[in-house]
Amino acid sequence: MSRAVHEQTSEQTAATIPHAEGVSEDEFKAAMARLAAGVVLVTAHDPDEGPHGEDVGMTATAFLSVSLEPPLVMVSVRDGSRMDEVLSRQSLWGASLLTEAQRRTAGRFAMKGRLSDRLLFQDLPHDHGAATGAPLVRDALAVLECRTEQRVPAGDHTLVIARVLSAQVPHHGDPGPLLYFRGRYRALS
């Protein structure tokens with residue numbers, strides 16, 4: 001059996017064999033796909049990349065409000081991802097809550113094997129936040145600037161809990177939120 005076939009067979013078997021607690025990865029993914037989530041572009045400016053630094057971004061659906069006093073939010077980032085690496089050494093970052101019209105932006109920053117972040121930001125209307133320097137998407141439902149206060153390991157992800165330094169609702173009009181449900185981006189209707 002070739003190595004590639006063996007790895008694929010092993011991955012398929014791992015997905016169908018229940019964990020010790022009794023749920024398989026496939027069952028868990030199917031159940032969680034039925035939880036509708038808002039879509040957020042999490043961004044940061046990485047000062048250590050290149051002579052002038054580089055903007056980085058990641059589409060997230062595991063983003064939520066944690067506390068009103070003090071104002072805290074949380075995002076879940078995959079261990080070993082570019083964003084995890086940046087946020088492990090850069091405490092300042094931003095979050096843009098995307099509208100249904102920003103589906104393409106969400107998809108581009110979620111792609112595996114995507115273009116460089118530098119190229120993705122070239123086509124994206126954005127400004128840099130005054131408190132964090134993080135790119136913030138123009139015409140988003142809301143934009144937040146955040147400072148990490150705690151990183152909590154959680155399985156194959158890290159929960160990044162941050163204090164909100166500024167919050168703005170820049171969008172004019174009444175756009176709907178971009179949602180993620182059953183593995184697809186959707187509009188609220």
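At 35% relative accessibility, E85 counts as partly exposed. Keep that residue in mind, and keep in mind that this is a predicted model.

E85 forms a salt bridge with R89, and their closest N and O atoms are 2.6 Å apart. Both residues sit in helix 3, four residues apart, which is about one turn of the helix. In general, side chains of opposite charge can pair when their charged atoms come close.

R89 has a further partner. Its side chain meets that of D48 in a salt bridge, at 2.8 Å from N to O. This pair links distant parts of the chain: R89 is in helix 3 (residues 82-89), while D48 is in the loop between strand 2 (40-46) and strand 3 (54-60), 41 residues away. R89 is partly exposed at 38% relative accessibility, and D48 is exposed at 57%.

Next, R147 and E149. They form a salt bridge with the closest N and O atoms 3.6 Å apart. Through shared partners, salt bridges join D46, D48, E49, E54, R82, E85 and R89 into one network. The count of salt bridges comes to twelve.

Some charges belong to a patch instead. E25, D26, E27, D79 and D156 form a negative surface patch. E25 is in helix 2 (residues 25-32) and is partly exposed, at 34% relative accessible area.

Three strands make an open sheet in the order 1-11-12, with antiparallel pairing. Strand 1 (37-38) and strand 12 (184-187) are the edge strands, each pairing on one side only. Strand 1 pairs with strand 11 (residues 178-181) over two bridges, and G38 stands opposite L179 in strand 11.

Conventions:
Residues are numbered from 1 along each chain as its sequence is written. This is a predicted model: local features need pLDDT of at least 70, side-chain atom pairs count only at pLDDT 80 or more; totals for chains, interfaces and linings use all residues. Side-chain values use heavy atoms; hydrogens and water are left out. Patches are made of residues with over 30% relative accessible area and no salt bridge: like charges are joined within 9 Å, nonpolar side chains (Val, Leu, Ile, Met, Phe, Trp, Tyr) within 5 Å. Accessible areas come from the Shrake-Rupley method with a 1.4 Å probe; for residues, only the protein chains shown count as cover. A salt bridge is a side-chain nitrogen of Lys or Arg within 4 Å of a carboxyl oxygen of Asp or Glu. Lys and Arg count as positive and Asp and Glu as negative; His and the chain ends are not counted. The place of a charge is taken as NZ of Lys, CZ of Arg, CG of Asp or CD of Glu. Buried means under 20% relative accessible area, exposed over 50%, partly exposed in between (1.4 Å probe, protein chains only). Two strands pair if DSSP finds at least two bridges between them.
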